[in-house]
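User: Hi! I'm new to reading protein structures. Could you walk me through this one?

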Amino acid sequence: MTRTAPLYQLKAEFFKTLGHPVRIRVMELLSLREHAVSELLAEVAVEPAHLSQQLAVLRRANLVVARREGSAVHYSLTDPRMTELLAVARGILSGVLAGQAELLADLQATAGPEAPPAA
């Protein structure tokens, strides 16, 4: 009998796949609409070989799909729910950063005169 990986392990691998700034940026762009590789290159501002590597990772994970039109290759998301995931992540980060900004403001307000100035 074959055992499949536990769901938590599959989730970890999924998030590991997303764990690169270029891949996140590509996914954000593709959540807006399909993009040609040339458009992605202009937006992401990395070397073509690096973008190609990152797109290959996303293709292998079945998160994006490629479509050829003449000499151009266009990418799109395989699942529109990725747009929701990115929006949820943005909301969570906004809350975390707002909390950190509030904490920093509180710390600065309670700092005594002997405290060094914030950098």
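This is a predicted model: local features need pLDDT of at least 70, side-chain atom pairs count only at pLDDT 80 or more; totals for chains, interfaces and linings use all residues.

Here are some questions and answers about the sheet, the helices and one glycine.

User: How many bridges join S2 to S3?

Analyst: These two strands run antiparallel. Along the pair, Arg68 stands opposite Val73, and Glu69 stands opposite Ala72. The number of bridges joining S2 to S3 is six.

User: And which residue stands opposite Ala36?

Analyst: Here we turn to S1 and S3, the latter covering residues 72-77. They run antiparallel and are joined by two bridges. The S3 residue opposite Ala36 is His74.

User: Which residue takes a positive phi in the hairpin of S2 and S3?

Analyst: This hairpin has two residues between its strands. One of its residues has a phi near 65°. That residue is Gly70.

User: How many of the residues of S3 are buried?

Analyst: A residue counts as buried when its relative accessible area is under 20%. S3 is mostly covered by that test. Of its six residues, the number buried is five.

User: Are H2 and H4 roughly parallel or roughly perpendicular to each other?

Analyst: The axes of H2 and H4 come within 10 Å and cross at roughly 75°. Angles from 65 to 115 degrees count as roughly perpendicular. So H2 and H4 are roughly perpendicular.

User: How many nonpolar residues are in the contact of H2 with H4?

Analyst: From H2 come Val22, Arg23, Val26 and Met27. From H4, the residues include Leu51, Leu55, Val57 and Leu58, along with His50 and Gln54. Two of the contact residues are polar and one is charged, while the number of nonpolar ones is seven.

User: How far apart are the axes of H2 and H5?

Analyst: H2 covers residues 21-32 and H5 covers residues 81-110. They pack at an angle of about 120°, which makes H2 oblique to H5. H2 passes H5 in a left-handed crossing, and their axes are apart by 9 Å.

User: How many charged residues are in the contact of H2 with H5?

Analyst: In H2, the residues are Ile24, Met27, Glu28 and Ser31, and they meet Met82, Thr83, Leu86 and Arg90 in H5. By class, four are nonpolar and two are polar. The number of charged residues is two.

User: Last one: what is the relative accessible area of Gly91?

Analyst: Gly91 is found in helix H5. Gly91 is partly exposed, because its relative accessible area is 42%.

Key
Residues are numbered from 1 along each chain as its sequence is written. Side-chain values use heavy atoms; hydrogens and water are left out. Axes are lines fitted to C-alpha atoms, for helices over the stretch in contact, and angles run from 0 to 180 degrees between N-to-C directions. Helices (H or I, at least four residues) and strands (E, at least two) are DSSP runs, numbered from the N terminus. Angles under 35 degrees count as roughly parallel, over 145 as roughly antiparallel, 65 to 115 as roughly perpendicular and the rest as oblique. A crossing is left-handed if the near helix is turned anticlockwise from the far one by less than a right angle, and right-handed if clockwise. Contact means heavy atoms within 4.5 Å. Ala, Val, Leu, Ile, Met, Phe, Trp, Tyr, Cys and Pro count as nonpolar, Asp, Glu, Lys and Arg as charged, and the others, Gly among them, as polar. Buried means under 20% relative accessible area, exposed over 50%, partly exposed in between (1.4 Å probe, protein chains only). Two strands pair if DSSP finds at least two bridges between them.
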